[in-house]
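Open the model in your viewer and keep the selection tool at hand. The tour goes stop by stop.

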Amino acid sequence: MIFPMKHPICLPDDVTERVGALAGPLLDWFARDARDLPWRHDRTPYRVWVAEVMLQQTQVDTVIPYYARFLDRFPSVEALASAPLHDVLKVWEGLGYYARARNLHAAASQVLTEHAGHLPASYADLLNLPGLGPYAAGAVASIAFGLPVVALDGNARRVLARLCAIEGDPRRSATQRALQALAEALLPPDAPGRFNEALIELGATVCLPRAPRCERCPWSAACRAHRLGQEEAFPQSSPRRAVPHYDVTAAVTCDDAGRILIAQRAYDDFLGGMWEFPGGKKEDGETLEDGLAREMKEELDIDVEVGALLTAVKHAYTHFRITLYAFRCRQVGGTLRCIECADARWVWPHELGEYPMSVANQKIVQVLQAGGQAGTL
Ligand code: ADE
C-alpha cells in the first residue's frame, strides 16, 4: 500500500513496496519495550504539551524530575496562566532554554483567552501558540488528539535517515523534506501518536548515534544503512563550525549592609527574565576588571570598584562556551537605574535562592554560600 505524500520524494523501491508493513512491527516493539515514562500516563493534552516542550533540547532523565515539579506546581492551563512568570522560571531553573518557559506561560494565557482553556485539537491552531513549532505541534496533535500529523525530532530523523540511507545533512531543508515525506508515507492513520512516539523511542534507546543496537531493532531487516553495514554514516553531517568561547564577567556587588546587587535580563534577550550577577562580555584589548566596570556603567549606570576574583565558572551553551569570572565589587558612584536590563534589586544573601538564575550564576551563589556572606573587598 502506498500512502499519498504531501511532499513527494522517491523512496527506495524496497521501502515503497513495504511501506504499509513497517508501522506494525514498530508499534509492536513499542508496546513491548517502551519505557514507562511519567508523561505516558494520564495523557491529557496539557500533560502531553508540557512534556513535549520540556523534551525539546533536553534528555528524558533530566526532564523527569522537572516534569513532576512543574505539574505539581502548575497542574492545569489555568494554574499556569495565572502564575507570575517569575514562578514559572523558578521551577524551570536549571533546565535551560528558558524561552520555552516564557512561551509556555504566554501560550497558557492564549489558550485561556482564545480556546476557553482547552488546547486546540488542530495542528494549525497548535502551531499558532508561542513556542510550538512543527515538531511540538505535531507531537501534541498526534499524541494528545490522534491527528495524523508527523513529529520528527532528532532521534526520529536518525532512524528514518538510516532506514532509507537518506543522504544529506538533516539540518538542510532538502533533507528535512525527504525525511518528512518518508515519515508521512509510513504514518499509520489509526495510530499516529503511538507511531511518532515509537520512532522517537527507537532512536533514543536502540538506533543510537554510536553503536546502534540493531539486534534489538524491529526494522533491522528493512534498514538500508544496516544492510550496507554503514549505520553510523547516517544521518550525514556537514563539518560543524568551531564553538566560540567568550570571557564574561559578573559583579558580586555588596552594599555596607551586606545586601547584594542582582539584575534581571531583558525579556527578549538570551536567558530573558532570568536574574544574574550583572556584567557582560569582555571586549578585545580590555582587562576583565575594566570590562566589568564598563558593563556596570552601561547596564546599570553605576561606577564600581572591582576587587578580588571570587570564582571562575565554565559553562557550555549550545552555540558557544563561556568562562564566567565573578568579582567582588563595591559601588563607588552613580545612581542605579536599569538601562539594558528588566529590573535590578539589592537582596539579602539568603534571598538569592528566590530568584530564577541560570546554572552559571547559581554556581556563583553556591560559592558565596560556601564561603559565607559576600563581604568586603
Ligand atoms: N522525546 C520527545 N518526545 C518524547 C516522548 N513522548 N517520549 C520520550 N521521549 C521523547
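Domain 1 and domain 2 bury about 960 Å² between them. Of that area, 56% is on carbon and sulfur atoms. Bear in mind throughout that this is a predicted model.

**Stop 1**

To set up the view, colour residues 13-233 as domain 1 and residues 245-369 as domain 2. Their centres, taken over C-alpha atoms, are 37 Å apart. Nine residues from domain 1 and 16 residues from domain 2 take part in the contact.

What holds polar groups together here? Six residue pairs are in polar contact between domain 1 and domain 2, both partners being at pLDDT 80 or more. The count of salt bridges between the two domains is zero.

Now select helix H5, residues 85-92. Helix H5 gives four residues to the side of domain 1 that touches domain 2, the largest share. By type, that side of domain 1 has four nonpolar, two polar and three charged residues.

**Stop 2: between the domains in sequence**

Select phenylalanine 234 and proline 235. Is the peptide bond from phenylalanine 234 to proline 235 cis or trans? It is cis, with omega near -5°. Proline 235 sits in the loop that runs from helix H12 (224-227) to strand S1 (245-253).

Step back to alanine 211. Its phi is near 45°, a positive value in a residue other than glycine. Look for alanine 211 in the loop between helix H11 (192-205) and H12.

**Stop 3**

The structure holds 21 salt bridges. Pick one of them: glutamate 201 with arginine 35. Their closest N and O atoms are 2.9 Å apart. Glutamate 201 belongs to helix H11, while arginine 35 is in the loop between helix H1 (13-33) and helix H2 (45-55), so this pair ties together parts that are 166 residues apart in sequence.

**Stop 4: an aromatic pair**

How many aromatic pairs does a search of the whole structure find? There are nine. Select phenylalanine 270 and tyrosine 317, which form one that is edge-to-face. Centre to centre, the rings are 5.0 Å apart, with 80° between the planes.

Phenylalanine 270 lies in the loop between strand S2 (260-265) and strand S3 (275-276). Tyrosine 317 lies in the loop between strand S5 (302-316) and strand S6 (321-334). The pair therefore ties together parts that are 47 residues apart in sequence.

Terms used
Residues numbered from 1 in each chain as written. Predicted model: local features only at pLDDT ≥ 70, side-chain atom pairs only at ≥ 80, totals over all residues. Heavy atoms only, no water. Domains from an automatic or database assignment. Contact = heavy atoms within 4.5 Å. Buried area = accessible area lost by both parts, 1.4 Å probe. Salt bridge = Lys/Arg side-chain N within 4 Å of Asp/Glu carboxyl O. Polar contact = N/O pair within 3.5 Å; in protein donor to acceptor, adjacent residues only side chain to side chain. Helix = DSSP H or I, 4+ residues; strand = E, 2+ residues; numbered from the N terminus. Nonpolar A, V, L, I, M, F, W, Y, C, P; charged D, E, K, R; others polar. Phe/Tyr/Trp six-rings, centres within 6.5 Å; stacked < 30°, edge-to-face > 60°.
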